[in-house]
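I opened the model to look up how its chains meet. My notes follow, one topic at a time.

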Amino acid sequence: MGLGKTYKDFENDFSCDTLAEWNEHLGTVTKTYVGNSECVTCGDRVEFEWTGKLKNGKGYPDILCEVCKAQ
Amino acid sequence: MSCDEHTAIDESASVEVINRKTVNDNSIIHGYVTIVKNQGMADEQIICQDKPNLLTDDGRDYAIAQFYTNTGAGGVGMNFIALTSDSTGADAGDSTLPSEITTGGLERALATTITHSTGTNSTVLAKTFTSTGTHTAVQMSGTFNQLSVGGVIGHESVFTSVSLASSDTLTVTWTLTLG
């Protein structure tokens, strides 16, 4: 599959035109997600790097801070 | 271009599609916006899903500055999300979000999540606003590079207008593709 469409995964030579297809793709491949997010439990902002497959049609991972993860 | 808008979970709700201004055809930075009222609640309503928007002229200039012309440290990303009830539509020439909402829980805010998946062209900005008052006909969103009113507007998108009572939530998700 070429990379002529809107959403592009260069590592897996995949592209598509809809968010639904894109989120489905993210559930099938292991990707690394980087960014800045609020902890879903305590709300503190954290820098994160998360690697895995996203489930349930999500487009980004829910992030837990280290303190909440340790509890 | 078209999008599925106002597709409520309740099957009895109407489905409405409105074509307004779409993304610039020559834009290499595309933005797609999804708006959900009361996400996860019994009365959840998808206001707009995966809708193309436009990159403003100022946003293009800002991006180019980050890539090519800045000689100092880079600027802050356009990761602040703003809302308005203005009905004039998105315009690439806008340098502000007209009549931007500044009170009642819908004031401009840093995205709750700012996430890029490496090896892709996709970045997600998302924020759930919680209304602390009554808002009528909220119908446009924009992204900015600072929290306070002002700054550079990067993207704009209109969506089916939605009214909020106190405690209603509005989840705004921008999925941005570059390249």
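I count two strands as paired if DSSP finds at least two bridges between them. Strands themselves (E, at least two residues) are DSSP runs, numbered from the N terminus. The model is predicted, so I note its limits: local features need pLDDT of at least 70, side-chain atom pairs count only at pLDDT 80 or more, and totals for chains, interfaces and linings use all residues. Residues are numbered from 1 along each chain as its sequence is written, chains are lettered from A and ligands numbered from 1 in the order written, and side-chain values use heavy atoms, without hydrogens and water.

**Pairing across the chains.** I looked up strand E3 (residues 31-38) of chain A first. E3 of chain A pairs with E7(B) in the antiparallel sense, over five bridges. Opposite A:Gly35 I found B:Thr115 in E7(B).

**The interface.** I asked how many residues of chain B are in contact with chain A. With contact meaning heavy atoms within 4.5 Å, 21 residues of chain B touch 22 residues of chain A. The buried area (accessible area, 1.4 Å probe, that two parts lose on being put together, summed over both) is about 1,800 Å² between chain B and chain A. Carbon and sulfur atoms give 55% of that area.

I then checked polar contacts: N or O atoms within 3.5 Å, one able to donate a hydrogen and the other to accept it within protein, with residues adjacent in sequence counted only if both atoms are side-chain atoms. Between chain B and chain A, 14 residue pairs are in polar contact, both residues at pLDDT 80 or more. On the chain B side, E2 (29-37), E7 (113-117), E8 (122-130) and E11 (169-178) each supply at least two residues. E7(B) gives the largest share, five residues.

**An aromatic pair.** I searched for rings of Phe, Tyr and Trp (its six-membered ring) with centres within 6.5 Å; planes under 30 degrees apart are stacked, over 60 edge-to-face, the rest tilted. The whole structure holds five such pairs over all chains. One of them, A:Tyr7 with B:Tyr32, is tilted, at 5.6 Å centre to centre and 40° between the planes. This pair crosses between chains, from strand E1 (residues 7-9) of chain A to strand E2 of chain B.

**A sheet in chain B.** I traced an open, antiparallel sheet of five strands in the order E4-E10-E9-E5-E6. Strands E4 (54-55) and E6 (109-110) of chain B are at the edges with a single partner strand each, so one side of each has no neighbour in the sheet. E9 (residues 135-144) and E10 (residues 153-164) of chain B run antiparallel, joined by six bridges. B:Ser141 stands opposite B:Ser157 in E10(B).

Methods:
Helices (H or I, at least four residues) and strands (E, at least two) are DSSP runs, numbered from the N terminus.
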